[in-house]
Amino acid sequence: MDATAESTTAGRRKRAIGLIAGIGGASLVLLTLFSNTLYGLTLPKVTTEQPADDGIDPVFKGTGVVHYALKLELSNPGGGNVKEVLVKEGDKVTRGQGLVRYENDEAMQQIEAGQAALDKLELALPALRRIYIEAARESDAEVLEDARIALESANIDIASQEKNIRALQHQAEERGELRAPFDGVIIAVHAIAGLPSGVEAAPDIQLADLGKGLQIETQVPRYLTQSHQIGDPIAMSVGESGRDVQGELVDIGASSFADSRGAEVPEPGDAVTPVDDAPPTIRVLIGITDTKFRDGEQITFKLTTDHKVDGVMVSSTAVHYGMDGAYVFVVDRREGPLGNAAYARKVPVTVSAINGPRTAVAEGLLGDETVILDSSEPLADGVQIRP
């Protein structure tokens, strides 16, 4: 009887120990899973996409500012007060047309004084001629030579004074009235009657050359210029109505990799938070002859290209630009003790074209990678992530 009871008690004890061990093991598994879950929640959360091969949109939508190709700032070089303003903003003028008249009293006084001195010199001429003639009749060589020298000196003084007066008159004409150097349109008028020329350091007149036409200054993706040269015709559609405008490529400037918000370019290896980095662009000037635009007007336009772009397509937000060039982050999956783990891997790429939200990558991606678009925290090469 005692042996049976002891056997029963031992069996219960073993079952209890087994149950406790099972509960402990399950708790350990649960704690491990919970711990891994908590750790996973601390990892950067990323959004991803798969590269596509659908090509880049051949139509580029952009904005630009219209300016006259040639503008001059005109003021009176001699200063002086403004007497009368002859034009207003928006007026079209012809070459030589008067724009502003100036008070010129000082110049007129100088001319009058010069003319008075000339009159005195001319008054002395008849007497000098008589002396010369009388000396010639009397055959007095010494007196004749003195008379000749005096007469020639007087003629030289008169010629010099006449030249000075002509210079003063020309200067007075130039400084008395500001004239248009070419056919143009008045952009701005700062001259005010009664006030000095160039008041507040502003030009009296701003004049644009109508013969040089207008230009649109803008930034476009580099690939748009790869099939064009300076002087090539450019077809655009402008505004909401899509009005067709013909232009000419006037100038191609330097490319820019700067962040559109002025952000600093990251150093190689720095952690980077994915942002909408400014893509490689290039400054262009497009000349147009359409006179319906105004100087300083901002317009929207579309440019279409037939340039073939190679590469797979990704969102522009996935591409970043550093000191070593363009790069993307892709998801790299590795086997771990608790299964697959995801890591960010930095991949250098070669960008062949960008058109707004879409970027063509010619080298660096095969097309089967998972590309990281955005991250909740800054990323660096090899950082574990949470897809």
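The model is predicted, so local features need pLDDT of at least 70 and side-chain atom pairs pLDDT 80 or more, while totals for chains, interfaces and linings use all residues. Residues are numbered from 1 along each chain as its sequence is written, and side-chain values use heavy atoms, leaving out hydrogens and water.

Start with the largest nonpolar core, which has 29 residues. Such a core is a set of buried Ala, Val, Leu, Ile, Met, Phe, Trp, Tyr and Cys residues joined through side-chain atoms within 4.5 Å. Buried means under 20% relative accessible area (1.4 Å probe, protein chains only). Val 220, Met 236, Val 238, Ile 288, Phe 293 and Leu 303 touch the most other members. Strands that give two or more residues include β10 (214–221), β11 (233–238) and β13 (281–288); strands are DSSP E runs of at least two residues, numbered from the N terminus. The largest share, four residues, comes from β13. Domain 1 (43–58 + 309–385) and domain 2 (59–69 + 213–304) both contribute, so this core lies between them. The domain bounds come from an automatic or database assignment. Apart from this core lies another, of 15 residues, among them Val 314 and Leu 365.

Now the rings. There is one aromatic pair (ring centres within 6.5 Å). Tyr 327 and Phe 329 have centres 5.9 Å apart and planes at 85°, so the pair is edge-to-face, a label for planes over 60 degrees apart. Both residues are buried. The charged end of Lys 346 sits over the ring of Tyr 327, 4.3 Å from its centre. For Lys, this requires NZ within 6 Å of the ring centre and within 35 degrees of the ring normal.

Note on methods:
Buried means under 20% relative accessible area, exposed over 50%, partly exposed in between (1.4 Å probe, protein chains only). Rings of Phe, Tyr and Trp (its six-membered ring) pair if their centres lie within 6.5 Å; planes under 30 degrees apart count as stacked, over 60 as edge-to-face and the rest as tilted.
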